[in-house]
Amino acid sequence: MNAELSRPAADLLTEIESIAPPEGTCPPRAWLHSDAPVLSLNGTWRVRFSPSAAETPDDGWQTGTGSGKDWGDLTVPGHWALQPRAGQGTGAPWYTNVQYPFPVDPPHVPDDNVIGDHVTRFKLDDRFLPHARLRFGGVEAGATVWLNGERLGTIRGSRLTHEFDLTGFARAGDNVLAVRVFQWTAASYAEDQDMWWLPGIFRDVEVLARPVGGIEDVFVHADYDPSTGDGELTVEVSSDGAAVIDCPELGLSGVPADQRHPVAEVRPWTAETPHRYRVVVSTATEQVTLQVGFRRIEVVDAQLMVNGRPILLRGMNRHEFDPDHGRFVSPERARTELLIMKQHNVNAVRTSHYPPAAWFCDLADELGLWVMVENDLETHGFVSGHFDGDPAKEPAWRDALLDRMHRTVERDKNHPSVFCWSLGNEAGDGDNLAAMADWTNDRDPDRLLHYEGDQRSGKVGLWSQMYTSHADVLAIGEGREEPLADPELQRHRSGLPFVLCEYGHALGTGPGGMSEYQELFETHPRLAGGFVWEWIDHGIRTTDDHGREFFAYGGDFGEPLHDGAFVTDGCVFPDLTTKPALRDFKKVAEPVRISIADNRVTIRNGYDHRDTSHLSFVWTAGRKHGELDVPVLESGEETTMTLPRKAGSGTVTVSALIAEDLPWGEAGYEIAWGQRVAEPPPVPTVRPRRRLDDRGRLGPARFDGRHRLTSLFGVPVSGPELVLGRAPTHNDLARGTVRVGDGSADQVWQRQRLDLLQPRLLSATLTDGLEVRQRWGALGQQAAVITTMTWHADDDAVALSFRAEPEGPWGDYWARIGLEFVVDKVIKKVTWTGGGPGQAYPDCGQGARQGEWSATVDELQVPYLRPQESGARTKVSRLGLERGFVVTGEPFGFTVRPWSQAELVAAAHPHELPTTDRTHLIIDAAQHGVGTAACGPGVLPAYVLTPQPAALELVFTKR
């Protein structure tokens, strides 16, 4: 005992730093829909905060006697750091990725450890007596619980369900529940999961009536035989009373539980056809309703099989997050999330890196998503010490880690959507993980087991890696991976399906390379797909000192150690607005492939289990449209047909639409599309009829004495200037696992001084127009680009022929080759012909298609939580600036924004971008790819923009 601490404080510290499993809790069990009464304790609680164990009062507050100015109100569920009205000195949100926000000194925690004493009062009637349970859905980072002044026990495992038996503690009438919650406990070492550290009671708190002779637990086994179409139902029931099951749809009425019940010709459950059977389990005093799905999960010839057919995971890693409430996510919001997933061809979720709220898998069962439920375990911060002292290795932690796995499996074991358990994430390797694996495989042999951290994969049913390069994924798909030294382990691993548990890191602009991954998944049977990192940006809604609202990330709350904007790596923004990454994923992961060559359309059914009878197929060509008579295709089948003659020879789009309303989408919703793109129209010819006069006029263009553009069609325009750089994306700031050049892209570009180009006039020649040759040299460098800009004009148009030739010792690659024009006025709207409506870069933007588009300049921007290069449109043949001018040319890229690249770089958040009275237009001949270097491979070789000649042919006309 620390001699400087009082006995109560020392005892409290001992409890905080205990690595034992939770104390006093009931054995874990399934989360059941029972007809027994339930009393929610959610609402306003009283709370008091202390800054440390040494300063925590020992004043009998557990009996509800605490009052006074030290106590305030707090909403439960909720995090106290997100509720300032709860009191002062309660700490702030803190974001880290790998590193712990405290010294790595297990099991010890810092002296500065905010402790929140929570109290609520509630009434119980005879329905809850004499037996009841108190259930907590989630408490970070641990708690001690009292009822009516009597200690019930402790909570350890922040995102795990804990129940306490209230028999002998609860009483009729008024009851006082007291919960002491800790910011940090020894268990925090097991919960380093790349997210905000947010203490509090953040999930539901409930009192459950437990009738005598009721149902304690249920474990459903609903097997499906794909060779016969028959099923077998077994319902294990833990009860003091005799239990029977009823399911009229299966012809079962009052049959005994705990027996096998063969059922003929069942409709199996899959993520595409999530059929469920309502099964009621009854005793004399309680009924439990289950939604049962029949399915069989197995591995055959290194393929992930469900119901006799291989499945391909088109998945997302999902943290639970709400921008206003942290990890308290309502069922309504979660349903919206899953609807958006289904609408964007997502078919699987990995619950990174902990079990979700208990009702989440109900939604997945209903809507149809494969779920990998992950245990509440990550010890990534031990990597700094080569995992020395990692709980996964230490025998003293064994019982606590086993308890975490027990709670994970037991709670969610009845859900057909759950195809796999995961031991945790990035928790090193050790005997404790092996013990967890052994227990899980024994308890639930009908599901697969996952753990990426042990590449020997001796006890798992899936071989998993994260952010593996495309080349290495190809080698695994072809069975050419580096073999293990142990032949027996190698034989086991070579028979496993391979999954990328994380890939396609969606931080900022990007991710690049998703199409190439998907092609590998669809080509090689062993590759079972993967889970994009990640679903949502964890931006916390807040305001600055001027009242401007923004989404905060790491460092915005003054954290002394943090990982910045790395928490903003989702496919949707915090408010669930979709990002370009999700729209691209929708195209990449289409379950139906549509290709058009000449006037022939080929349609392939890529669903795992269902046919295409729920879809209709339509074609559009400009204003013309019609339906295609496509036969119903079984999984894996394809057909080819001829487009109707009236579709013409131009651009044609064929779309697969939902034919009738589905639970996740209305009839007419598009789930896949393909295009035949017509050749762009030739660039208009401008016959030189105007010569540059002594006032700098060349038809509708004006130039200054240095032969720089000053206006077009009366619109003030400066430039164009050569641009080779860009405001770095998150991926540009990192060096990927597949590397190009020395350092990150941004470092490569800074060494080349791409943002510090200075022109020198080489010549200005008056021909039938104006030819300007310039040398654009990088400051302090010998490298340069020689540009030739040749201008011609007639009365109504101005033509620019641009050529660029690199000169001297440039580095490995450039960011772009483009021309920047600055329009000295606010442009509010643009129209264009080309790729759209969303952004595109060489290795992403798959969701963009050819068409006629319009958008406001605001709509062109992507409000990433850290401003960066974004908003480019590609393959454009015509661009119109409202109240400006029109640009036509051979296909080019464009970016229109109100800010310079320097202003983008300077802003840490979107609200910090200045309000300007000008518009920047960049027309690109080429851009470098995006990649996923922030976490994963860099830009693939096909998308690397090496220093090279470039050309643009542009014609400007009046709007």
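Predicted model: local features only at pLDDT ≥ 70, side-chain atom pairs only at ≥ 80, totals over all residues.
**Around Glu163**
- Arg29 and Glu163 are both buried.
- Glu163 has another partner, Arg135, with the closest N and O atoms 3.8 Å apart.
- That pair also links distant parts of the chain: Arg135 belongs to strand E7 (residues 132-136), 28 residues away from Glu163.
- Arg135 counts as buried because its relative accessible area is 8%, under the 20% cut-off.
- Zoom out and you get a network of salt bridges linking Arg29, Arg133, Arg135, Glu163, Glu206 and Glu216.

**Other salt bridges**
- Asp376 and Arg404 pair up through their side chains at 3.5 Å, N to O.
- Here a loop between strand E29 (370-374) and strand E30 (378-379) supplies Asp376, while helix H4 (residues 398-412) supplies Arg404.
- Both Asp376 and Arg404 are buried.
- Across the whole structure, a search turns up 60 salt bridges.

**The largest pocket**
- The largest pocket holds about 820 Å³ of space.
- Its lining has 38 residues, and Ala840, Tyr841, Pro842, Thr874 and Lys875 lie nearest the centre.
- Elements giving two or more residues to that lining include helix H8 (514-523), helix H9 (580-588) and strand E57 (885-897).
- E57 gives the largest share, five residues.
- By type, the lining splits into 17 nonpolar, nine polar and 12 charged residues.

Methods. Residues numbered from 1 in each chain as written. Heavy atoms only, no water. 1 Å grid on protein atoms, 1.4 Å probe; cavity = no way out; pocket = protein on both sides within 12 Å on 5 of 7 lines; lining within 4 Å. Points joined across faces, edges and corners; volume = space filled by probe spheres on them. Helix = DSSP H or I, 4+ residues; strand = E, 2+ residues; numbered from the N terminus. Nonpolar A, V, L, I, M, F, W, Y, C, P; charged D, E, K, R; others polar. Salt bridge = Lys/Arg side-chain N within 4 Å of Asp/Glu carboxyl O. Buried < 20%, exposed > 50% of the residue type's maximum accessible area, 1.4 Å probe, protein only.
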